[in-house]
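Subject: Structure handover

Hi,

Here is the structure I promised to pass on to you.

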Amino acid sequence: MSVRRLSYPALAVISAIALVSLYLLAPRGDGVPVPLGRVRASRPKLTDDIYNNTLGFEKILVIGLPSRTDRRDGMVLGAALSTLEIEFVDGVRGGDVPDKAIPTGPGTERLPDAVVGSWRAHVNAIQEVVRRNLSSALIMEDDADWDVRLRSQLYDFALAAHALTQPLPGSSDAAPRYADPTFPDPTNGPSAVPDIAFDRLPATIAPAESPYGDRWDVLWLGHCGMRLPFADGGPIAVPKGRVVRAGDATVPQHQHLWTISDPDDLKAQYGNHTRVVAHHAQDGVCSLAYAVTRRGARKLLHELGLKAMAAAFDIELRWFCEGGGNPARGGSSNHRHSCLTTQPSLFGIHLPAGPKKSNSDISDHGEGSQDAATRGIRYSVRMNADALVEGRPDELVDQWPDADP
Ligand SMILES: *[C@@H]1O[C@H](CO)[C@@H](O)[C@H](O)[C@H]1NC(C)=O
Ligand SMILES: *[C@@H]1O[C@H](CO)[C@@H](O)[C@H](O)[C@H]1NC(C)=O
Ligand SMILES: *[C@@H]1O[C@H](CO)[C@@H](O)[C@H](O)[C@H]1NC(C)=O
């Protein structure tokens, strides 16, 4: 029985209206001018591809059940308003996945259908990246929302990613050196590394394969919370480097930040409007949006597609990023996978107005109704669809404004 179907590419419609948002999203048109200090002589040209229609990835794949036409409508419109080209990968109902198709191991049992369906949909998207030999892809769930400034946010994320994972100029291919001495081998460096300030990024060798750098497997860009690398090493060995940007206007003040991570490292360690780019450390949850490279997709298909399924997809992704420490697979973490992330998340779950039970086909969101909202995203595309569709950029609303001083 076939459980995988891929719809034909749903291309974002470029209309006169989209041109307005193109203007809004252009490097100098989004209210976040590039400070002069950051323009380096070696500014990598490839990185400019982040401003293209697939955000510098080869493709953007969106996962969702075809029956949730409401969500497809929302995603297609959001993508059109942001000039994004997307393709849908059909979600899967867990009940349609036969037992035989689920890899098992000692002590694993079939998980609830909703978890199985979500796992299969994500693995289908990853399988698609491997089958089509895509150099990279951004994989999103169909309720994801983002800021109208997404491209400049991703551009800045890429510069931070270069600082953490691209070699320093002058170091040899055979023995590359990095600004973060704990990269790529976290067990082989100082126990703590100082924060790297975003406005004083080290010069690095420009990437050749991806605008985001040449040494990553996963960019976990849309999540519901995770820890920051532990200064003292902590239980999980991941590189400890962090790029810290104070005064990021796209980051809401603390009272508007939401995470299910406890403790909330970002709030506990940094002030308002601070963004941190680092390696995934621990406790990542929600696979709302993440990018994979060709190599990363192959590793994920191997680890999450073919080895015993012991938990929901996002937990498995967390184990993958932590080195493959899935207890059902022997628990050892001998592998080193390079997963970069940013806090706060660049994508948020959009909750439309209406009954709470429409929020998920997976989990119970309770009774009653809600107003539309996207947590943590200031100039949300979906919350501003009225102004964007009508071509009134001056009417965009900050959903999470600063408190009066
Ligand atoms: C965007 O840039 C990436 C990276 O260079 C490339 O693979 C992709 O094909 C580009 N997308 C479009 C629509 O031009
Ligand atoms: C996948 O792409 C890589 C890089 O372009 C290429 O070397 C390889 O031959 C491709 N593999 C297949 C099966 O097409
Ligand atoms: C963040 O801003 C809020 C609102 O102005 C303020 O109450 C709070 O003390 C600030 N937090 C920090 C850590 O500065």
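Below is what turned up, going from the ligands to the helices and then to the backbone.

Before you start, this is a predicted model, where local features need pLDDT of at least 70, side-chain atom pairs count only at pLDDT 80 or more, and totals for chains, interfaces and linings use all residues. Residues are numbered from 1 along each chain as its sequence is written, chains are lettered from A and ligands numbered from 1 in the order in which they are written, and side-chain values use heavy atoms, with hydrogens and water left out.

Ligands

Ligand 1 has Leu46, Asp49, Asn52, Thr54, Gly56, Phe57, Glu58 and Pro211 around it (a residue counts if one of its heavy atoms lies within 4 Å). That shell splits into three nonpolar, three polar and two charged residues. Here Ala, Val, Leu, Ile, Met, Phe, Trp, Tyr, Cys and Pro count as nonpolar, Asp, Glu, Lys and Arg as charged, and the others, Gly among them, as polar. As for polar contacts (pairs of N or O atoms within 3.5 Å), an oxygen atom of ligand 1 is 2.6 Å from a side-chain N or O atom of Asp49, and a polar side-chain atom of Asn52 lies 2.3 Å from an oxygen atom of ligand 1. Thr54 has a side-chain N or O atom 2.8 Å from a nitrogen atom of the ligand. The protein covers 66% of the 360 Å² of accessible area that ligand 1 has on its own (Shrake-Rupley method, 1.4 Å probe).

Around ligand 3 you will find Gln253, His254, Gln255, Asn272 and Ala403.

Helices

Helices here are DSSP runs (H or I, at least four residues), and strands are too (E, at least two), numbered from the N terminus. Helix α3 (residues 113-131) packs on helix α6 (residues 294-305) at about 145°, with the axes 9 Å apart. Those axes are lines fitted to C-alpha atoms over the stretch in contact, and angles run from 0 to 180 degrees between N-to-C directions. Contact means heavy atoms within 4.5 Å; among the residues making it are Trp119 and Val123 of α3 and Leu300 and Leu304 of α6. The residues of this contact divide into nine nonpolar, two polar and one charged.

α6 also meets helix α7 (residues 313-321), with axes that come within 11 Å and cross at roughly 115°. Leu300 and Leu304 of α6 take part here as well, and α7 brings in Phe313, Glu316, Leu317 and Phe320.

Backbone

Most residues other than glycine have a negative phi, and most peptide bonds are trans. Which way does phi go at Leu55? It is positive, about 60°, although Leu55 is not a glycine; the residue is in the loop between α1 (16-25) and β1 (59-64).

The peptide bond from Phe183 to Pro184 is cis, with omega near 0°, and Pro184 is in the loop between α4 (150-165) and β5 (196-197). The bond from Asp262 to Pro263 is cis too, with omega near 5°. Pro263 belongs to the loop between β7 (242-245) and α5 (265-269), and Ile260 lies in that loop as well. Ile260 touches Cys224 and Val285, leaving aside residues up to four places away in sequence.

Cheers

Definitions and conventions:
Polar contact = N/O pair within 3.5 Å; in protein donor to acceptor, adjacent residues only side chain to side chain.
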